[in-house]
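Please read them beside the sequence and the structure.

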Amino acid sequence: MASPNALTSQSEDFPRWYQDVVAKAEMADNGPVRGTMVIRPYGYALWERIQAEIDARIKAAGAQNAYFPLFIPQSYFAREAEHVEGFSPELAVVTYAGGEELSEPVVVRPTSETVIGEFMAKWIQSHRDLPLLLNQWANVVRWELRPRLFLRSSEFLWQEGHTAHVSYEDAAAYAMRIHLEVYHDFLVNVMAVPAYVGIKSPRERFAGAINSLTCEGMMRDGKALQMSTSHELGQNFARAFNIVYQSEAGQSELCHTTSWGASTRLVGGLIMAHGDDRGLVVPPRLAPIQAVIVAVRDEPAVLDACAAIDAALRAGGVTTSVDRGRGSFGRRVTDWEIKGVPLRVEVGPRDLANGVVTVVRRDDGSKHVVTLEALPSRATELLAQMQTALLEGARARRDAATADVTSIDDAIEAAQTGFARIAWDQVGDSGEARLNDLAVSVRCIQRADGSTPVSPNEADLVAIVAKSY
RNA sequence: CGGGCUGUGGCUUAGUUUGGUCUAGAGCGCUCGGCUGGGGGCCGAGAGAUCGGGAGUUCAAAUCUCCCCAGCCCGACCA
């Protein structure tokens with residue numbers, strides 16, 4: 001019954017398994033310039049689903065989409081000291097264009113705090129103009145030395161939100177809202193990734209931020225992946241770009257700004273959070289194709305039945321694709337499994353003779369014989385069950401691979417196979433340095449109940465430490 | 001940027017040590033035909049490589065020498 005291995009197994013070589021999945025599920029290819037990525041239709045369809053879900057949540061939080069230029073004057077970066085220091089190693093700079101040397105080099109955006117800050121300063125006059133809530137979907141460039149498809153590429157796609165507020169409290173509350181209502185909600189309820197939430201330690205913070213909120217997912221090899229970040233930028237950028245408003249009292253005041261983003265890295269996270277030895281496993285709510293109808297044979301009677309089943313499923317709100325039965329059955333089944341399509345509806349002469357189809361769930365391989373009449377509702381039910389099972393499975397793995405420890409040594413030990421939870425007081429700057437020396441880092445700092453604190457100075461915080469991508 | 005290594009059809013690679021038997025072989029993939037068909041099925045026929053690039057040594061270079069280029073792995077940052 002077991003099919004021959006199309007992929008390297010996870011236990012044998014996890015990074016290689018990842019590469020195999022990306023290639024064989026036809027998600028992406030390496031671009032011609034080192035570190036660049038070609039996103040293929042299936043990979044892009046997954047990204048479009050991620051975009052749609054995140055975009056809807058961003059709009060629900062009141063932000064509007066806009067677009068700012070790819071090219072940024074180099075001088076902008078110099079205005080915020082930490083920001084320029086943090087980003088200069090990975091900047092791509094255009095010095096020659098239009099047939100001549102440029103008088104001022106132009107940076108290809110690695111992130112847009114600076115340009116957007118410049119325009120916020122122009123647009124904001126009064127407290128009545130606040131809050132200003134912007135978001136853009138864009139590509140960004142951060143020159144990478146060690147690229148990996150989706151996880152770390154020199155150019156990637158993302159959304160970056162940028163907002164300006166009258167007070168620290170408003171800004172902090174909005175960053176928190178995005179963190180919880182956009183990212184965490186999406187991760188848990190759509191992507192089925194029970195991410196740990198918290199704030200970054202000072203040394204892991206975004207360059208130029210006063211506080212960074214993060215969602216950290218556990219991959220199936222026990223390593224962490226940062227899946228989103230939301231930053232409180234304080235008045236750092238407002239000061240650098242002169243983003244000021246006139247208060248009700250008539251005083252000129254500096255704004256408080258935030259920025260927040262999630263990228264195509266989430267596609268990599270999807271692969272590693274749920275994938276198994278047969279390939280990708282896509283949560284139903286995220287799947288571009290929720291059910292593939294596989295014709296066992298390329299025969300008119302079977303194909304007609306497939307078309308009718310397809311129509312019925314679509315009418316029932318299930319997104320589908322029909323595999324018309326060219327090529328061997330085993331090959332086609334394997335290909336759909338690698339792509340992680342949640343349900344496979346097998347339609348063959350034997351099924352049709354009995355007025356049924358065979359439905360197979362991708363996550364647990366369970367087979368269900370379903371009558372044609374019951375199929376749409378049964379499919380919806382199975383999709384819902386799979387969505388729940390994926391989240392519960394991921395949570396169970398996460399909890400089983402998270403160890404409570406009381407020393408840095410034990411944290412390092414635990415981080416070899418999973419996460420460690422340790423009192424933040426036990427870590428300290430020197431403890432964090434020791435962790436970092438062994439490629440382990442503080443992924444986030446959270447309250448004892450798992451919620452996100454407001455600052456690293458709250459009492460009784462715990463640190464989640466792990467190796468990370 | 002420092003250290004280790006590799007470049008041979010689309011992909012994985014044999015051949016390089018010891019130059020000639022290489023008109024470069026195979027597997028996967030691809031094309032065509034047939035048989036098949038409920039887990040990568042079988043048979044047959046094909047297409048596809050100026051052996052990373054350049055220079056050199058030699059009667060003779062995938063193989064030896066030099067230079068260049070590209071990529072991979074390991075060490076400091078990042079969504």
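1. Val 294 has Asp 323 in strand 16 as its bridge partner. The two strands concerned, strand 15 (residues 291–295) and strand 16, pair in the parallel sense over four bridges; pairing requires at least two DSSP bridges between two strands. Helices (H or I, at least four residues) and strands (E, at least two) are DSSP runs, numbered from the N terminus.

2. This is a predicted model, in which local features need pLDDT of at least 70 and side-chain atom pairs count only at pLDDT 80 or more, while totals for chains, interfaces and linings use all residues. Residues are numbered from 1 along each chain as its sequence is written, chains are lettered from A and ligands numbered from 1 in the order in which they are written, and side-chain values use heavy atoms, with hydrogens and water left out.

3. Axes are lines fitted to C-alpha atoms, for helices over the stretch in contact, and angles run from 0 to 180 degrees between N-to-C directions; contact means heavy atoms within 4.5 Å.

4. A second open sheet is antiparallel, with three strands in the order 4-6-5. Strand 4 (71–73) and strand 5 (92–97) are the edge strands, and the twist averages 50° from one strand to the next. Strand 5 pairs with strand 6 (residues 100–108) over five bridges in the antiparallel sense; Tyr 96 has Glu 101 in strand 6 as its bridge partner.

5. Chain A is divided into domain 1 (14–274), domain 2 (291–398) and domain 3 (402–466), with bounds from an automatic or database domain assignment. Taken over C-alpha atoms, the centres of domain 2 and domain 3 are separated by 43 Å.

6. Which residues have the most contacts inside the largest nonpolar core? They are Met 27 and Phe 150, in a core of 57 residues. It draws at least three residues from each of domain 1 and domain 2. Apart from it lies another core of 26 residues, among them Phe 77, Ala 209, Leu 233 and Ala 238. A nonpolar core is a set of buried Ala, Val, Leu, Ile, Met, Phe, Trp, Tyr and Cys residues joined through side-chain atoms within 4.5 Å. Buried means under 20% relative accessible area, with a 1.4 Å probe and protein chains only.

7. Helix 1 (residues 14–24) has as its buried residues Phe 14, Trp 17, Tyr 18, Asp 20, Val 21 and Val 22. Their cover includes strand 1 (28–30) and helix 8 (265–274). Just after helix 1, Glu 26 takes a positive phi of about 55°.

8. Is Lys 200 buried or exposed? Lys 200 counts as buried because its relative accessibility is 1%. Its side chain makes a polar contact of 2.8 Å with that of Glu 216, and one of its side-chain polar atoms lies 2.9 Å from the backbone oxygen of Arg 443. A polar contact is a pair of N or O atoms within 3.5 Å; within protein, one must be able to donate a hydrogen and the other to accept it, and residues adjacent in sequence count only if both atoms are side-chain atoms.

Notes
Buried means under 20% relative accessible area, exposed over 50%, partly exposed in between (1.4 Å probe, protein chains only).
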